[in-house]
Structures are given as C-alpha cells and as structure tokens.
Amino acid sequence: MANLVIFHNPNIVMKCTLLLILIHLFHYSSHSQPPTNPALSDALTFVDEWLEAQQAYERIPGMSVGIVKDQELIWSKGYGFLDMKKNLRTTSGTIYSICSISKLFTSIAIMQLYEDGKLRLDDSVSTILPGFNIHQQFPESGPITIRSLLTHSSGLPRESDYPYWTGPDYIFPTQEQVYDKLGKQETLYPASTYFQYSNLGMTLLGEVVEKISGKPYDEYITENILKPLRLTNTLTYLPQQKWGKEMATGYSALKRDGSRELVPLFDSKGIKAAAGYSSTVGDLANFAAWQFRLLNKGGNEILKASTLKEMQRVQWVDADWKINWGLGFVVNQQHGKTLVGHSGFCPGYRTTLMMDTGEKFAYIVLINTMDNPWKYATQIRNIILKGQTEKSVKPSDVNLQDYHGIYNAQPWGSEKKVISWYGHLAILNLPSEIPLEDMVLLQHVKGDVFRRIRKEETLGEEFIFERDKTSGRVIRMWDHSNFSLKIK
C-alpha cells in the first residue's frame, strides 16, 4: 500500500477519508461482487451454488470466476484457497498464471505493428529474424510466414527443444537458448498444411515484436497494451514476491489417493510471449470489455475495430474440419454462436477466457490446479443462456426461501441443493458435470406441496416438504413415499 500522507486541514482530511472509503468499497466490490442484473439473479445463484459444490467435490484447491456483460463485470467470486497450507482464500482479485492466454497479447502486438505498416502478415519469418535457421525438411514447402505462426499452421514443432514442461523444476530456456537450439530443430510439416499448436511459433512472434519495434518485449507490451487498457494486475511474468500471498500457488493433478502436490513457481523466460503472463478476473474482464466496446463502436483503441474483427474471424481450418483458428484467437461454435478466446495450461494452473462477441458475454475461469476450466465456462454459459430465456412466475401464498437448503442424498448421491428458479423451486443434484440436465424443477401446487415439471411442461409426481411442528421450519423433502432430511 502507498504511504499515507496526513494533512492538518480538516476539510482535506475529510475529503481524503471519503476517498479512502470509496477506494475500499471499490476494492471490495471487485473481489466479491453480488449479481448486478436482476433478470439473471436466479441464474447467477445457480452458477454460484454449482461452482461451490464442484470446487469442493472435485477437490480443486482454488478458482476465481467472472461473468462480463458488455462493459460490466456483472458477477465474480473466488472459491477455495489460493494457498492451502496458509488457508488463504481466493477472491476475484487473486492473481494466476494465465498461461497461453498470453498469446492473445502477443498477437495483438503483432497486429499493431501490422497496422503501422511495419510488417505484413505474409512476410516470411526468415526475412525479419536473421537467426531463424530451423531446418526445413520439406523442399516443397512454402515460406513460414507471420500469418502461419498466428494460426499455428507453420509446420513448426510444438516446443523449443528443452524439457521445460517436465518437473519438478520446470526450467525454461532463455531467448539465447531458444535460438541456440533452433538451428538444430526441423519442421514437422510443410508450411500451411496442418494445424500444429506451437509455443515455439508464438515465442518467435515475441522476437518479431522486439525486432520490429526496437524495444524489449515486456516494455512494448506494457506501454502499448497493458497501460492503455489499465490492466494494472496483468504482467508479462509471474510475480514471485506475490506468490502464495496475492498470487495463487499452483497444484498438481489429482493423485490416486485424492491428494495434490504443490507445484513450484516457474519462470517462463524466453517462452513468455507464449505462456508467461499473470492476471486476474478483473483485468481479463476489462480486456474482454475493451473487445466488446471496439467491435460495437468501431474506431481505433489499441487496434482498429476492423483489425480485431479480422483476428477473430476463422483464418485456418484444419484438414479434419474440427479445428478453427483466427489470428491468435481460438474460434469455435456452441449452440450456433461463434465463441472466441483462448485457454491456458501451465504447471499448476489452467485458465480460460471465453467470449461471445455477438451477445457481448464473456466467461472467465482461473484455476490453480490441473483441472479443465473450459468445462466450467461452458456450463456457466449454458446456465446464463437458460436464465435469459426464462420468464419469472410468481407462486401463490408461499415463500420459496423456506425450502432452500441442502438435503441429504446419501447413499444414492452426494447432496440435493434446493434453490429458486424464476418462481419455481429447483433441485440441483450435486456434484454434476451437466447441472442443467440434472436439475429438477418443481411447481407450487398448494401449501407445502409441489409437483415436478416434466420436460414437455406437464406436471409429474408430488414433492412434499415437511415442517417441524414447533418451529415451523422445513425439515424433510418427500417424494415417491421416501424422504430426504434437510441438513443445512
């Protein structure tokens, strides 16, 4: 925290006090933000209850999640621990390694240089980088270009020839070491033939940024992207001094005995342009909001709107028609909607940024272990889409909150969580990989009696809630002549 200067003028003291209060309130709201969109309130509650259960049952150390609607971070929250040994809780402000999401920043830097007329996308890499001396084993190959590096279709190997993804030390090469091995490597395929994800290729694009701009990579990115977008918690490296404090410590995949090992902090060194950044939910939310703003309003902010559109348009389709890539961006479809973004996968961390640029929604999931954030982002999106289509109904003479809580599902399942869903009750069977499909909806009939709403919207069997005769509190949920005790 910056040093506090004490003034003796009472008016100045009052103004400074109010300013500090406002700063504190802003800081709090960015770390634990309640729903700000009433129409999505029940959907966001569903997301919260589902994630809380998944984090616990899947033994994920910690995760931070955010949902962006256009220019607003409408909901964000942390679950679990940023450091399990210290029992430090995660928040939406926790710092994570964002791994390959770093590639989006490198790609934007390349496109800035393209807009300035300093390079062309079809320039051969060898004309820009004199040290690019990898052995091309296919005489018939066309040139390896800037465009082919951005679309991972260059034919280059996935990695520089060092075992930096191998533990326990995860020793990454320096820039000089990457170049030293480059001449001893060879291409996997002819250029522009197959998709081959390549950290080496994106590393070389970082070298192109340095060569063309005449500035160190970190300096260029900070001055031309991070500062203008006010991404104050995004760095081109992992801040060692904040590790285990403000930055989450990383953990291994789940072992057979149910434990996870602490993964030491790594330094990506010469691979930083591909996988070296750290960031937070809040900063990635601002990064997404910038893209929505630019695409919607047009103009020029960091990039021209037309350039960003081109980056997010499919530029490469692999031979199997299953892999689509833009200029640095992953491009795919869900429910007929185009989604763009990127995911990250580094020792101890997995992350994803998923953006629906048409609906102007973004979904951010940052995890400090080797679990799949994409599956969470996908289900969160499904829940939000469902919530947008629901029309709230008002049940007669009943307070749905009376029935909320956790009900015992053992031994058949882990737990049943009862919440509200747009005027109905919803039973969430937790944990669940497909929470919407596993949800049971109940319509109020009379008193404490509800009936299941079938998929074709007819009514099925009764669910009866039993109350304690003394306190009047709900204590059981009955269906098919069997009951589940309310345990929380």
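This is a predicted model: local features need pLDDT of at least 70, side-chain atom pairs count only at pLDDT 80 or more; totals for chains, interfaces and linings use all residues.
1. Helix 6, spanning residues 175-182, packs against helix 7, spanning residues 199-213, at an angle of about 120°, and their axes lie 12 Å apart. That angle makes helix 6 oblique to helix 7. The crossing of the two helices is left-handed.

2. From helix 6, the residues that take part in this contact are Gln 175, Val 178, Tyr 179 and Leu 182; from helix 7 they are Leu 200, Thr 203, Leu 204, Glu 207 and Glu 210. Sorted by class, the contact comprises 5 nonpolar, 2 polar and 2 charged residues.

3. Lys 181 is partly exposed, with a relative accessible area of 22%. Asp 161 is likewise partly exposed, its relative accessible area being 42%.

4. Across the whole structure, a search finds 23 salt bridges. One of them joins Glu 49 and Lys 417, with the closest N and O atoms 2.3 Å apart. Glu 49 is located in helix 2 (residues 41-57) and Lys 417 in strand 17 (residues 415-421); the pair therefore ties together parts that are 368 residues apart in sequence. Both Glu 49 and Lys 417 are buried.

5. Lys 375 and Glu 58 form a further salt bridge, in which the closest N and O atoms are 3.4 Å apart. Lys 375 lies in helix 12 (residues 373-389), whereas Glu 58 sits in the loop between helix 2 and strand 1 (62-69), so the pair ties together parts that are 317 residues apart in sequence. As for accessibility, Lys 375 is partly exposed, with a relative accessible area of 24%. Glu 58, by contrast, is buried, because its relative accessible area of 14% falls under the 20% limit for that class.

6. Which residues are linked with Lys 375 in a network of salt bridges? The network consists of Glu 58, Asp 371, Lys 375 and Glu 433. In general, side chains of opposite charge can pair when their charged atoms come close.

Technical notes
Residues are numbered from 1 along each chain as its sequence is written. Side-chain values use heavy atoms; hydrogens and water are left out. Axes are lines fitted to C-alpha atoms, for helices over the stretch in contact, and angles run from 0 to 180 degrees between N-to-C directions. Helices (H or I, at least four residues) and strands (E, at least two) are DSSP runs, numbered from the N terminus. Angles under 35 degrees count as roughly parallel, over 145 as roughly antiparallel, 65 to 115 as roughly perpendicular and the rest as oblique. A crossing is left-handed if the near helix is turned anticlockwise from the far one by less than a right angle, and right-handed if clockwise. Contact means heavy atoms within 4.5 Å. Ala, Val, Leu, Ile, Met, Phe, Trp, Tyr, Cys and Pro count as nonpolar, Asp, Glu, Lys and Arg as charged, and the others, Gly among them, as polar. A salt bridge is a side-chain nitrogen of Lys or Arg within 4 Å of a carboxyl oxygen of Asp or Glu. Buried means under 20% relative accessible area, exposed over 50%, partly exposed in between (1.4 Å probe, protein chains only).
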